[in-house]
Structure formats: C-alpha cells, structure tokens
Amino acid sequence: MSSIFSFLYLVLSTCTLNIVSCTIGPSLARVAVKTLTSILFLGTGIIATKESGNKASPYAKLMITGLILGLGGDVFLGLDYITPLCFVIGLILFALGHVFYLIAFFRITKFNWYNLIPTLIVMPAFFLLKSIPGLLAFNGLFLAVAIYGFILTFMVGKSLSLQSWDKNKSRFVKLTITGSILFAVSDIILLFILFMPAAKSLANPLTVLNLSTYYIGQGLLALSLRDSGTLPC
C-alpha cells in the first residue's frame, strides 16, 4: 500500500468517525473507531518514510515518535468520559508529541525569535478569553491547557520557519506547514468544545470540524515524510 492510499483511507475513516461521534457520543465504540483512524495516520507516516528511501532519517524517526504519541493521546482523550485523569494523560502525550515535532524542525532550522509570533498572537488572546467571566470553565485545568497552548503554538511557529530554509516552497514544506496549522486549528476548536459552556449547542458541528482538521493535519504531517529522505539531517 502506498502512503497516498493510506492517507485516503485515513480521510474515509475520519468521515466514519465523524458520523459515529455525532450519533452515539462517548463510548468504547467511538474510541475503537478513533484508535483505528489514528493508526492510519501513523501507518501513513511509516509507509511514507519507507518511500522516502531513507528509513534511518533522524528527522523521520522524531516525527514518527510524535505520531505515536498522538495516537496514544487520542486513545486517552477518547476515554476521558471514564475518568478526568485520562484527559490529563492525553494532554501530556500530545504535548510530548509536539516536543518531538519541534525537535525535528530544529534539526532543519535554528531558533529565531520570529518562531514565537504565533505564540505571541494566540496566547494573549487565550488569556483575554479566560478573563471574561463565565466564558470558559477549565475545572482546574487552566495551567495545563496554557502550557500545552504555548508548546503547540511554538511548534506551529517553528514549522513556518521551514519557508526560509526552502525558498522554493517544496511539497515537503507545504505539507508540513499546512499539517501543523490544521493541528493547531483543531485544538482551538477543541478548546471551545471542552471548556466553553455556551458552545454545547454547537457540539456536533464543532466536533466534525475538530476531527476533520485534526486528522487531515496529522495525515499531512505523516505524508510529508515521503520527501524526508533528502533532508540535511
């Protein structure tokens, strides 16, 4: 199976997951479909790495580790209806996944202060929303979510720096940046789903947007590994 076909299966599985999520809500059946969908983006990354011709690429290994952590995070977030501890574990796994993505990006380009631009835009907006009485209810998770938000936005900012490394805007750069941005968008939507009481009436459409942007984002990051064989790292 090629990575392209694996990605297409991922898209189809995401559509199925959207239907299941909006129909039966939190359940073991939903967790099973979600886990299968996550296995598909991991599989896409593994197949894409083999297609790159350089399975020993340190960059690819870091990205695959990030995808594995994302898979683990999906499973635990799916089980958060059993105990809130599952949400915390899932959040930690996703944060670690972003750290591995960051390390991978740092192998290509060095740190520059403009890497923090998304963080400097998003985080003040996040704190502003938090200051509005009754808008967001974090139930004791505010600090954890804030730390996660910093790591996520820093990861996105670092992915954007790949443009300066590749002036030709190769397929690898386009897929990586688009995947990173979609990941961030999905998490912003999830923030409203989980912590904004007023958004409960829009739970189904927001869930579809969240799952679609998340899985396509992870899929694009995985698919970008097809071109990782020629990276200088």
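When I speak of a contact today, I mean heavy atoms within 4.5 Å of each other, and please keep in mind throughout that this is a predicted model.

Let me begin with the chain as a whole, whose secondary structure comes to nine helices and zero strands. The chain has 233 residues and a radius of gyration of 17 Å, which agrees with the value near 17 Å that a compact globule of that length would have. Its C-alpha atoms fill a box of roughly 50 × 40 × 25 Å along the principal axes, and 51% of the residues count as buried. If we take the contacts between residues at least 6 apart in sequence, 77% of them join residues at least 24 apart.

Leaving aside residues up to four places away in sequence, Tyr101 touches Met63, Gly66, Leu67, Met155, Phe183, Gln218 and Leu221.

Finally, I would like to look at one helix pair. α2 and α9 pack at an angle of about 25°, with their axes 7 Å apart, and because angles under 35 degrees count as roughly parallel, α2 is roughly parallel to α9. On the α2 side the contact includes Arg30, Lys34 and Phe41, and on the α9 side it includes Leu211, Tyr214 and Gln218. By class, this contact of α2 with α9 has seven nonpolar, seven polar and two charged residues.

Key. Residues are numbered from 1 along each chain as its sequence is written. This is a predicted model: local features need pLDDT of at least 70, side-chain atom pairs count only at pLDDT 80 or more; totals for chains, interfaces and linings use all residues. Side-chain values use heavy atoms; hydrogens and water are left out. Axes are lines fitted to C-alpha atoms, for helices over the stretch in contact, and angles run from 0 to 180 degrees between N-to-C directions. Helices (H or I, at least four residues) and strands (E, at least two) are DSSP runs, numbered from the N terminus. Angles under 35 degrees count as roughly parallel, over 145 as roughly antiparallel, 65 to 115 as roughly perpendicular and the rest as oblique. Ala, Val, Leu, Ile, Met, Phe, Trp, Tyr, Cys and Pro count as nonpolar, Asp, Glu, Lys and Arg as charged, and the others, Gly among them, as polar. The radius of gyration is taken over C-alpha atoms; the globule rule is 2.2 Å times the number of residues to the power 0.38. Buried means under 20% relative accessible area, exposed over 50%, partly exposed in between (1.4 Å probe, protein chains only).
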